[in-house]
Amino acid sequence: MRIDIVTLFPDLCDSFLDTSILGRARKRGLFDAHCHQIRDYTANKQRQTDDYPYGGGPGMVLYAQPIADCLRAVQAQCAQAGYPEPHIVFLTAAGRPYTEADAKRLTRYDCLTLVCGHYEGIDERVIEAFADEELSIGDYVLTGGELAALAVADSVLRLQPGVLAEQQGYEEESYWDDLLEYPQYTRPEVWEDRAVPPVLLTGDHEKIESWRAEQSRARTRARRPDLYERWAGTHPRAVPKWKRGEKAQLVRTDAQLEQAAAVYHAAWQRQRQDLCTPAYLAANSRQVFAAELARDRAAGWAFYLHTTDGMPDALVGVHRPSGEISRLYVLPEMQGRGIGSKLLDFARKKITSDGKTPWLEVLSFFPGAQRLYRRMGFVPTGDARALDSTPNLPGTPAPVLLRFRYAPQA
Ligand code: ADE
């Protein structure tokens, strides 16, 4: 692959491409890179590259002409060297957001040219004339496009065969795609009283892989719910195995009921914090939840409290006479570990073992929960019930309860 960078700071770009992993790969001829000085293509005596914007406003705007001539020179050099027509990308804060999917896509070009803007912008006409695409590396403004071009170059070049020491794992679509990285550790085993998670020292690769997958999912879910939702939609999974230290226990004592109410309250509050009015959230205190669970228990509901190493972290309610499941809540910090799936499966089995069909209702604005139910064999029945008892913030949709019924595909 050949990369050309069109910039006012070619030395800066060259020195980056000569450093560390990319520097070694460049020396070994694993890619070909050329950085071009826009100023060398100016047509004025002062070698000026920019001017005031038409229409006024702050800052300076890069002339179209030197960038255009520089790009024509790059096109000619690429053709002479036997490369195909370069794919030209302008880096600007107004571009489309750049992602790993773009990095993978850009590796398909044998010849890639990155154009760095500077000052307040680039004359739009040269973008119109030459750009195949315009990319931004994030929702912040840099003083120039160099860091952005180097970020794109780095992320594309690391995918080139041979650039990374261990190629395996970077090439194919994998389980980890679209998830954040799991935490990594190296020596010593204990650093300033912090020990490496014991599973990593077991040498049991299956266990380590499963721990890493869980960490990755939990992190992604907590930090990037947008990525997690997309990932979960394309990765149906079997019910995870119960792990040592995990237990679901029938709520019998008042103390257990208090613990169940605390989990219910914490998870419920987090789920609704951006949807409901503060007054409504405040009115639904832990005491209110404890009273609700006590009342429903007296009316025939069984509640099961899930604990991990003795710490309560999830709850589910089962009404065996009707087949209804409800109050499936997992503490926010324990989500993404498969506890919800396991507890739902556990509750579902209680009902199917009675020969009944399990069903449940879910609020329309919790698509993540709906996806979990679908993955676990529940299908929407089409029944919807409007709820008027949830005072929502202005701008959030009116709550509707959707009904799901257990109907696993054979
Ligand atoms: N130039 C200035 N800010 C930028 C950004 N966020 N991405 C790409 N190019 C830029």
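Rings of Phe, Tyr and Trp, the last by its six-membered ring, pair if their centres lie within 6.5 Å. By this rule the count comes to 12 aromatic pairs. The model is a predicted one.

**Aromatic rings**
- A pair of aromatic rings is described by the distance of the centres and the angle of the planes.
- Trp 301 and Phe 303 have ring centres 6.2 Å apart and planes at 10°. Planes under 30 degrees apart count as stacked, so this pair is stacked.
- Trp 301 counts as buried, at 12% relative accessibility.
- Phe 303 is buried too, with a relative accessible area of 1%.
- One aromatic cluster is formed by Tyr 264, Trp 268, Tyr 280, Phe 289 and Tyr 329.

**Charges over rings**
- Lys 342 places its charged end over the ring of Trp 242, 5.8 Å from the ring centre.
- Arg 403 has its charged end over the ring of Trp 359, 3.9 Å from the centre.

**The sheet**
- An open sheet is formed by 3 strands in the order β3-β4-β7, with mixed pairing.
- The edges are β3 (50–51) and β7 (121–122). Each has a single partner strand, so one side of each is left without a neighbour in the sheet.
- Strand β4 (residues 61–62) and β7 run parallel and are joined by 2 bridges.
- Opposite Val 61 stands Gly 121 in β7.
- Strands of a sheet pair through backbone hydrogen bonds, either parallel or antiparallel.

Methods: Residues numbered from 1 in each chain as written. Predicted model: local features only at pLDDT ≥ 70, side-chain atom pairs only at ≥ 80, totals over all residues. Heavy atoms only, no water. Phe/Tyr/Trp six-rings, centres within 6.5 Å; stacked < 30°, edge-to-face > 60°. Buried < 20%, exposed > 50% of the residue type's maximum accessible area, 1.4 Å probe, protein only. Lys NZ or Arg CZ within 6 Å of the ring centre and 35° of its normal. Pairing = 2+ DSSP bridges. Helix = DSSP H or I, 4+ residues; strand = E, 2+ residues; numbered from the N terminus.
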